[in-house]
Amino acid sequence: MLDCLIRRVFKEYVLRVDPVSNLGLSAESVCSYHIGEVVQHKDSQVPDLLPYGYLVGDSQNSIYVCLKGALHNCSVDALAFETLIPKSIVQRYVSLLSEHRRIILCGPSGTGKSYLANKLAEFLVLRDGKESTAESIATFNVDHKSSKELRQYLANVAEQCENNASDLPSVIILDNLHHAASLGEVFNGFLNAKYSKCPYIIGTMNQATCSTTNLQLHHNFRWVLCANHMEPVKGFLGRFLRRRLLEAEVQEGVRNNDLNRIFDWIPKVWQHLNKFLETHSSSDVTIGPRLFLSCPCDPDGSQVWFTDLWNYSVVPYLLEAVREGLQLYGRRAPWEDPTHFICQTYPWTGSTVQGGQEALLRLRPEDVGYDVQQSGGVGGSSIKSMSSTQSDTDGDPLLNMLMRLQEAANYSSPHSSNDSDAVSIDSHPSSIHSDDKASSRVESAL
């Protein structure tokens, strides 16, 4: 009876954590459970005493459940449970590593690439019968100044592969590869080393640089996209918060409907913000779920937490991202303040703490560069002019941007330093239109 109860509780647990796919786990994922000094497997013989006979004393008030893992025919059930990534997706990552031994986890900041890299490395080491230590898993954090050191490190690894492969770590994690100056040079020489003798390589890099390095690495690495709009990242925040909710309810011994409503709301806010960023900029600047993982497990504390997060982290980032998006892509949709969605769906219905929704900052169109006078009608808003005089072509954002770029090029002195050339256009708006003759020449040419 206890065997059946343990498996049923586990099924109910994963169903609440992941109502969509149960993380791909089932009762068959349970390898064994520990009750006092007894370890009970599926095919174990019946112990001498009944279950409560082994739960004696204050120290014996828990039953520990073990899932199938790396040592159980290389099963990924325990890895899926720990990482909250569906079993089928984790299995694909492990298969890619097993076959090709080199992968790059690519995606925006905050999507859990470094965490996933470490968990995959631990699984590979355990599967090979080793312990997860610094000797078996080596991590190289890449920064702007370490490209030369990384190139030398990989060259030494390639040399050791031919001579003393047993002294090498089992897995090498290369974190933040987007900081490397030239990945082609960094991996030069290393890629020719024999695959069977080389350690597993797991790299991480931001999404914005993936396309520029694909031609250099696609023959040797397999790419894994960790994007906010697709699994496993898309549903991770919801699964993470539901697991925290379960832990809180177990500690309190009661269902917490208020916290359940809040934890159900936060992933919707996250998705709404990323949709807003994609509309006015691109998917490269979307927010990863990491920003929202630290929500407190009490209603009042979570309200204070969200207000501070919104005013001091989210809003400043949204303003900067949308400004850059308008400069790069122009105005592509009517303006809509995302704070409206926050206020309409606000989950804290009781007494307000720290001002409630009234304390949330609003995003105004003029804050990001929309023309205030023309932003009222549908499709009528435009990018704020960077000059006091506007031509008839201001209605076309693309043509407008091309003109400003040309004017900036004409205005720039040929003796300017590289640093001055790198200054963004909007940092000196007055200088762009100061040469009226240059402006006239561009307009007449167009």
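Modeller: Helices and strands here are DSSP runs, numbered from the N terminus. The model is a predicted one.

Colleague: How many helices and strands does the protein have?

Modeller: The protein has 16 helices and 8 strands. Its 446 residues include 43% that count as buried.

Colleague: What share of the contacts joins residues at least 24 apart?

Modeller: That share is 72%, taken among contacts between residues at least 6 apart in sequence.

Colleague: How do I read a helix pair, say α8 and α9?

Modeller: Start with the angle between N-to-C directions; over 145 degrees counts as roughly antiparallel. The axes of α8 (residues 233-252) and α9 (residues 257-280) cross at roughly 165° and come within 10 Å, so the two helices are roughly antiparallel to each other. The crossing is right-handed.

Colleague: Which residues of α8 and α9 meet?

Modeller: From α8 they include L237, L241, L245 and A248, and from α9 they include F263, I266, P267 and W270. By class, this contact has 10 nonpolar, 3 polar and 2 charged residues.

Colleague: At what angle do α3 and α4 pack?

Modeller: Helix α3 (residues 87-100) packs on helix α4 (residues 113-127) at about 60°, and their axes are 11 Å apart. α3 passes α4 in a right-handed crossing.

Colleague: Which residues make that contact?

Modeller: Y93, V94, L97 and S98 of α3 meet L116, L120, F123, L124 and R127 of α4. They divide into 7 nonpolar, 1 polar and 1 charged.

Note on methods
Residues numbered from 1 in each chain as written. Predicted model: local features only at pLDDT ≥ 70, side-chain atom pairs only at ≥ 80, totals over all residues. Heavy atoms only, no water. Helix = DSSP H or I, 4+ residues; strand = E, 2+ residues; numbered from the N terminus. Buried < 20%, exposed > 50% of the residue type's maximum accessible area, 1.4 Å probe, protein only. Contact = heavy atoms within 4.5 Å. Axes fitted to C-alpha atoms, helices over the stretch in contact; angles between N-to-C directions. Parallel < 35°, antiparallel > 145°, perpendicular 65-115°, else oblique. Left-handed = near helix turned anticlockwise from the far one by under 90°. Nonpolar A, V, L, I, M, F, W, Y, C, P; charged D, E, K, R; others polar.
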